[in-house]
Amino acid sequence: MKHNFRFKFPELVLVVLILLSGVLLGFSSGGFLVDFNKVGFSVMSTMQSGVNAVSRGVTGFFGNIKDLFVMKKEYAEMKEKLANYDYLQRNNVEIRKENELLREQLDFATALEYKNIAAQIIGRDPDSLYSAITINKGVHSGVKKGMPVIAIQNGNVGVVGKIVTVGLVTSQIMPVYDSKCNISARMQTSRELGIITGNGSIDKPLSMSYINKRSLSELSIGDIVVTSGENGNYMRDVPVGTIAEIKVLDYDSSLDIELNPILDFSKLETVLIVDPDRKNDRVPFTEEAEHD
């Protein structure tokens, strides 16, 4: 037998009311009491905290980017300042070095017995007829063809060569290492007389000939060879080179001697053109004169 069980509307309303009453009773007893103000505040606080966190994160991100650009700019500025400092330091070193060279040359030039003209080397031409060295002084400065040229380098005085070409404001020197340059010279110790000739290159030694074999025992490696002062080409006793090698040739009555130049021509920057016909009347350079 089949039973049909149906809720009638009044009964359904009654059940709903009973359930609602139970729920309300539970809330009113405190077990299910909900403070909707607190719930709303909590939700809003959480949302606000989240928004603030996101805001701080975004602000921090862009702040870090800004700091990165600032640091990069400061780094570039510091790098530029460091480069400028290094440049100034190098310049100061160069200036001090140049002043020392000029002081050395000035002291020597004023103490030299003969009139002289200081000049700077402005060009070198090893392929020319005379392996010429070009300087920045000419006729306007009193330079004449045939004048001897010397220099002081690291405290050493030595022969550079002689003037072969003169222009209005420049001149050319035939250096001692030129194959056409011949200098009358003597051994500083034994006073043996010979002729020094260049071998055409700055990298090759000078040759000295016509030194008799009988003077071999009086010669040593490192001995200085100086100008003889004969023939009027150079002043007397100016160093030209030092003995590097002595060769004895069976078929020759003279020794074959090689010399190292006194001067390092690859580092030579300034020279003095000397006028052997005129005495120097300049007052020697002193500390007292410097302060006057």
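Okay, let's start with Arg-236 and Asp-237: their side chains meet in a salt bridge, 3.7 Å from N to O. Keep in mind that this is a predicted model. Arg-236 counts as exposed, at 54% relative accessibility, while Asp-237 is partly exposed at 36%.

Next pair: Glu-258 and Lys-247, whose side chains also form a salt bridge, with 3.7 Å between N and O. This one links distant parts of the chain, with Glu-258 in strand 11 (residues 254–261) and Lys-247 in strand 10 (residues 239–248), 11 residues apart. Both partners are partly exposed: Glu-258 has 21% relative accessibility, and Lys-247 has 30%.

Another of them is Lys-279 with Glu-113, where the closest N and O atoms are 2.3 Å apart. Lys-279 sits in strand 12 (residues 270–279) and Glu-113 in the loop between helix 2 (36–111) and strand 1 (114–125), so this pair ties together parts that are 166 residues apart in sequence. Lys-279 is exposed, with a relative accessible area of 51%, and Glu-113 is partly exposed at 43%.

Which residues make the nonpolar surface patch of about 280 Å²? That's Val-139, Leu-168 and Val-169. Val-139 is in the loop between strand 2 (132–135) and strand 3 (148–153), and it's partly exposed, with a relative accessible area of 45%.

Conventions: Residues are numbered from 1 along each chain as its sequence is written. This is a predicted model: local features need pLDDT of at least 70, side-chain atom pairs count only at pLDDT 80 or more; totals for chains, interfaces and linings use all residues. Side-chain values use heavy atoms; hydrogens and water are left out. Patches are made of residues with over 30% relative accessible area and no salt bridge: like charges are joined within 9 Å, nonpolar side chains (Val, Leu, Ile, Met, Phe, Trp, Tyr) within 5 Å. Accessible areas come from the Shrake-Rupley method with a 1.4 Å probe; for residues, only the protein chains shown count as cover. A salt bridge is a side-chain nitrogen of Lys or Arg within 4 Å of a carboxyl oxygen of Asp or Glu. Helices (H or I, at least four residues) and strands (E, at least two) are DSSP runs, numbered from the N terminus. Buried means under 20% relative accessible area, exposed over 50%, partly exposed in between (1.4 Å probe, protein chains only).
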